[in-house]
Amino acid sequence: MRSPNLYDRRRLGEQKTIDLFSGAGGFTLGAHLAGFRAIAAVDVDADLSSQFEKNFPGTRRLLLDLANNSPEEVMKQCGVEPGELRGVIGGPPCQGFSSIGKRQKDDPRNGLVGRFFMHTAALEPAFFVMENVPGILEKTTKSMLLRGLETVSANYSIIGPIRLNAWDYGAATRRERVVIIGIRNGSGVALSVDDIENLKIPVTKRSNVFDAIHDLPEPNQTGWEEYARPAERGVRGQYARTARKVPTGGLGDKAAIKKLRQGLVSGFHETSHTRDVLKRFAKTEQGRTDAVSKCPRLDWTKPCTTLRAGTGKDKGKYQSIRPIHPEQDRVITVREAARLQGFPDWFQFHETKWHSFRMIGNSVSPKLSAAVLGLLKQRFQSA
């Protein structure tokens, strides 16, 4: 049943959103940072979403397969009715479109793009934002995207697809994503591709690897450690200082926040390397790639390369290729990867490095999602 008065300002002032295919919560975090209230997040992968309730205590986490559950069932479990939400956000699994993977046209995960739009059409939000990898625009896969958009195109003004790079919007990594935005007809909100492009940070003010990780400690066996040094003063240390802030608005795990207040931060479990690997890493210069492992060595003065996720249990449990630290002869830690992607230090990840890197590598950068969603919040407030 359609909720009455879909665009009643008092109801939309609640700023409710739902994250479909939420994973670790990069999109959900961006929504919170933009001023929305994520009331529910849906994902089928228990490992990727394992820390969701710790990081977002006020958001209902639902382990549901969106391919095999009806929109009515999803709405029932989320506790919402059609037209109640300000926004629906999400990033359907992208491995079937990724240029890094095999890019198989018949990958069953490709069909989940259509399921995102089907659920969105039933939820009738004031807006939606979907993100995916650039490979979704390739000739062999774009047709799937266009079929999905047909589900909502009659009721929404579509902006995009737009290619966006997380580095342009504040993260310390080059990570291209495709974003599609839908604005419900009759909302009084206007948005263009240029509006999104105008959010870009000037090149001279964008972050690099040093900005992101210069204050972090070396890895150890416990996973927790004190910061190695204070964040740099001035603009150069702003990225690190922001990451070290205690969360507000009810976000974060109480135990992790307590340790953060004590100057302790997690995500530093060490990775063992053989003597031969250490020798090769030592010979690999910044900005170059180790020929055997294919691990790129980070350059202090440049953004990180795209962080990869690896695969889940259903696809062989392959570890992702991890960058080498700029100076130390080792791959980066979970917390260093999280910093580069734009996650704050209070954000918790899986107890294993494998799943932690999957969580980070599969996530949209919170800095990118916060920028896009912040603009949407501003436009709806002024409409």
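On a 1 Å grid over the protein atoms alone, a pocket is an open set of points with protein on both sides within 12 Å along at least five of seven lines, whereas a cavity is a set of points where a 1.4 Å probe fits but cannot get out; lining residues have an atom within 4 Å of a point. Grid points are joined across faces, edges and corners, and a volume is the space filled by probe spheres set on the points. The structure is a predicted model, in which local features need pLDDT of at least 70 and side-chain atom pairs count only at pLDDT 80 or more, while totals for chains, interfaces and linings use all residues. Residues are numbered from 1 along each chain as its sequence is written, and side-chain values use heavy atoms, with hydrogens and water left out.

The protein chain contains 14 helices and nine strands, these being DSSP runs (H or I of at least four residues for helices, E of at least two for strands) numbered from the N terminus. Of its 383 residues, 56% count as buried, that is, under 20% relative accessible area with a 1.4 Å probe and protein chains only. Among contacts (heavy atoms within 4.5 Å) between residues at least 6 apart in sequence, 69% join residues at least 24 apart.

Helix 2, helix 9 (238-243) and helix 14 each supply at least two lining residues, with helix 9 giving the most, namely four. By class, the lining of this pocket has 14 nonpolar, eight polar and four charged residues, where Ala, Val, Leu, Ile, Met, Phe, Trp, Tyr, Cys and Pro count as nonpolar, Asp, Glu, Lys and Arg as charged, and the others, Gly among them, as polar.

Helix 2 (residues 26-34) is itself mostly covered, seven of its nine residues being buried; these are Gly26, Phe27, Thr28, Leu29, Gly30, Ala31 and Ala34. The buried residues of helix 2 pack against strand 1 (16-20), strand 2 (37-43), helix 3 (52-55), strand 4 (87-90), strand 5 and helix 14. Glycine 35, which follows helix 2, has a positive phi, near 105°.

Two cavities of 30 Å³ or more are found in a search of the whole structure. The largest cavity, with a volume of about 60 Å³, is lined by Phe27, Val129, Glu131, Arg177, Val179, Val364, Leu368, Ser369 and Val372. Strand 5 (127-132), strand 7 (176-184) and helix 14 (366-382) are the elements that give two or more residues to this lining, and helix 14 gives the most, with three. The second largest cavity holds about 30 Å³ of space, and its lining divides into three nonpolar, three polar and two charged residues, including His269, Glu270 and Arg330.

How values were computed. Buried means under 20% relative accessible area, exposed over 50%, partly exposed in between (1.4 Å probe, protein chains only).
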